[in-house]
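Please keep the structure in view while reading.

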Amino acid sequence: MSLTIYLDGKYVPEEQAVVSVFDHGLLYGDGIFEGIRAYHNRVFKLQDHLVRLYESARTLAMEIPISIEEMQEVVLETLRRNNLRDAYIRLVVTRGKGDLGLDPRKCPRPTIFCIAASIQLYPEELYEKGLEMITVATRRNVPEACNPRVKSLNYLNNIYAKMEANLAGVPEAIMLNQEGYVAEATGDNIFLVKNGKLITPPIHVGMLEGVTRNAVMDLARERGIEVIEKVFTRHDVYISDECFLTGTAAELIPCVRVDGRAIGNGQPGPVFKELLGDFRELTKVDGPVIFE
Ligand code: PMP
């Protein structure tokens, strides 16, 4: 079945949703995006995603030609046109069509597209058994260069890390920053639980400020769990009671083994389970409604 895609002001069948080979998003990774999820006829944390998108655009000094309110409507209307109430949404803004040089001034108009597809759920088994990770040699980009806080189309750094995990036969990788502190996984933020407290790296370590991360920190505080943002090393991961990842696609996923060491008792922990339950409840009530 063909999807209906939003592309530069029009809703078109996917066969017609084509972007120029001169688009600098394709030629240079010059663009930004969001991965968003809809649950139960609502778009989860849509405002947070849109704010991050428009903030990413500021660092690229890219003027998005439509307002944040209009962008919200693009997301909702794309879902409606595909009759989707539970979905994965990919919203992309590139620098647009230019010439073969990399000068962004040669690109007069950004390209905007929005894809809403039915969601590929991770097997429930993963949430019950947990996954294994290794620390990889590829370091997270330094904030002084391609800042990981900007959700840009430059994912090569993360792809290198994913390739290392693939070679080792595990599904995920822990990426460290230049100083050797834990930054994040290839497409997810990382949390530890130690002595009942929730620990996650601070943003300045060099990572994406995840929407799910912020939601989970709020949920933990509502439960009276102390949340600490501090830098930590692999040693802290190995001696933690629990470890889990957060991200739009993965939600909260437990990690039970890192670099060959069992985390805690090698099973998903109680804090993870409580927070996953809270998170799934929140997805029922948060965000704008798609079909009234
Ligand atoms: N880090 C990276 C590198 C990511 O790509 C993602 C997914 N967007 C995340 C963290 C998690 O962010 P969010 O919770 O906003 O999906």
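A residue counts as near a molecule if its C-beta atom, placed from the backbone, lies within 6 Å of that molecule. With that cut-off, the largest share of the shell around the ligand, 3 residues, comes from helix α6. The model is a predicted one.

**Around the ligand**
- The ligand is surrounded by 14 residues, and the closest are L208, G210, V211, T212 and T248.
- Two or more residues of this shell come from each of the elements α6 and β13, the latter covering residues 242–247.
- By type, the shell around the ligand divides into 9 polar, 3 charged and 2 nonpolar residues.

**Overall fold**
- The secondary structure of the protein comes to 15 strands and 8 helices.
- The radius of gyration is 19 Å, close to the 19 Å that the globule rule gives for 292 residues, so the protein is as compact as a globular protein of that length.
- Of the 292 residues, 40% count as buried.
- Among contacts between residues at least 6 apart in sequence, 71% join residues at least 24 apart.

**Nonpolar cores**
- The largest nonpolar core has 41 residues, and those with the most contacts inside it are A173, I174, M175, V216, F244, C255 and L275.
- Helix α6, which spans residues 211–222, gives the most to this core, with 6 residues.
- A second, separate core of 25 residues includes I32, L79, V92 and I112.
- Leaving aside residues up to four places away in sequence, A173 touches several residues, among them M133, I134, V136 and A185.

Key
Residues numbered from 1 in each chain as written. Predicted model: local features only at pLDDT ≥ 70, side-chain atom pairs only at ≥ 80, totals over all residues. Core = buried A, V, L, I, M, F, W, Y, C linked by C-beta atoms within 7 Å. Buried ≥ 20, exposed ≤ 12 C-beta atoms within 10 Å, placed from the backbone. Helix = DSSP H or I, 4+ residues; strand = E, 2+ residues; numbered from the N terminus. Contact = placed C-beta atoms within 7 Å. Rg over C-alpha atoms; globule rule 2.2 N^0.38 Å. Nonpolar A, V, L, I, M, F, W, Y, C, P; charged D, E, K, R; others polar.
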